[in-house]
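Please look through the sequence and the model below before reading on. The paragraphs that follow start from a single residue and then widen to the elements around it.

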Amino acid sequence: MEVVFSLVSLTVTKALQISGLVDNRNVLRTRKMEEKALEVYDVIRSIRDPEKPSTLEELDVVTEKCVEVQELAEDEYLIIIKFSPTVPHCSLATLIGLCLQVKLQRCLPFKHKVSTRMVTFNKQINDKERVAAAMENPNLREIVEQCVTEPDD
């Protein structure tokens, strides 16, 4: 159903663009947000699951569709990531959210704010102070480092 909605939306947008009813600046802005979303996805897809030897992409915890980018101001963006833990009440979902936050902080070249959302929402992963405090814990920091470090190819 989501794929059908995306195709219909794209078709309507193209039709409006051709007819001149849509401002081309909006189309360019939408394309720019889609490119930023793909850039974000490229960063997070290689994060490893804390319990399994697989990446979040391989486990379908994150997908291209789960990333949305909105422009807040010139060169400042809001990144919304809706991830799905492998089980509904995953005890490590907060840790996965922390890994997402840390990896994006380290790897994105543009100014941004991150909002992560999951099926069982936890406010801790969207609070800057709680993220910083969690990263001060040496045991937790070690686990996050193992998850966000790129494998040597």
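Valine 40 lies in helix α2, where helices (H or I, at least four residues) and strands (E, at least two) are DSSP runs, numbered from the N terminus. This is a predicted model, in which local features need pLDDT of at least 70 and side-chain atom pairs count only at pLDDT 80 or more, while totals for chains, interfaces and linings use all residues. Residues are numbered from 1 along each chain as its sequence is written, and side-chain values use heavy atoms, with hydrogens and water left out.

With a relative accessibility of 0%, valine 40 counts as buried; the term buried stands for under 20% relative accessible area, exposed for over 50%, and partly exposed for what lies in between (1.4 Å probe, protein chains only). Once its neighbours within four places in sequence are set aside, valine 40 is in contact with Val67, Val69, Ile79, Ile81, Leu104, Leu108 and Phe110, contact meaning heavy atoms within 4.5 Å.

The protein has five helices and three strands, which run α-α-β-β-α-β-α-α from the N terminus on. Of its 153 residues, 34% are buried, and among contacts with a separation of 6 or more, 62% are between residues 24 or more positions apart.

Consider next how the helices pack. Helix α3 (residues 93–107) and helix α5 (residues 138–148) meet at an angle of about 65°, with their axes 9 Å apart; axes here are lines fitted to C-alpha atoms, for helices over the stretch in contact, and angles run from 0 to 180 degrees between N-to-C directions. The two helices α3 and α5 are therefore roughly perpendicular to each other, on a scale where angles under 35 degrees count as roughly parallel, over 145 as roughly antiparallel, 65 to 115 as roughly perpendicular and the rest as oblique. On the α3 side, the residues in contact are Leu95, Leu98, Cys99, Val102, Lys103 and Arg106, and they meet Leu140, Ile143, Val144, Glu145, Cys147 and Val148 of α5. The residues of this contact of α3 with α5 comprise nine nonpolar, no polar and three charged, where Ala, Val, Leu, Ile, Met, Phe, Trp, Tyr, Cys and Pro count as nonpolar, Asp, Glu, Lys and Arg as charged, and the others, Gly among them, as polar.

Helix α5 also packs against α4, at an angle of about 95° and with the axes 5 Å apart, so α4 and α5 are likewise roughly perpendicular to each other. Ala134, Met135 and Glu136 of α4 make this contact with Pro138, Leu140, Arg141, Val144 and Glu145 of α5.

Which residues of α5 are buried? They are Val144, Cys147 and Val148. These residues cover an arc of only 85° around the axis, which puts them on the same side of α5; the arc is that of the directions from the helix axis to the C-beta atoms. What covers the buried residues of α5 includes α3 and α4 (128–136).

Two loop residues deserve a separate look. Most residues other than glycine have a negative phi. Aspartate 60, in the loop between α2 (24–44) and β1 (67–73), has a positive phi near 60°, and aspartate 60 is exposed, with a relative accessible area of 53%. Aspartate 75, placed in the loop between β1 and β2 (76–83), has a positive phi of about 60° and is partly exposed, at 49% relative accessible area.
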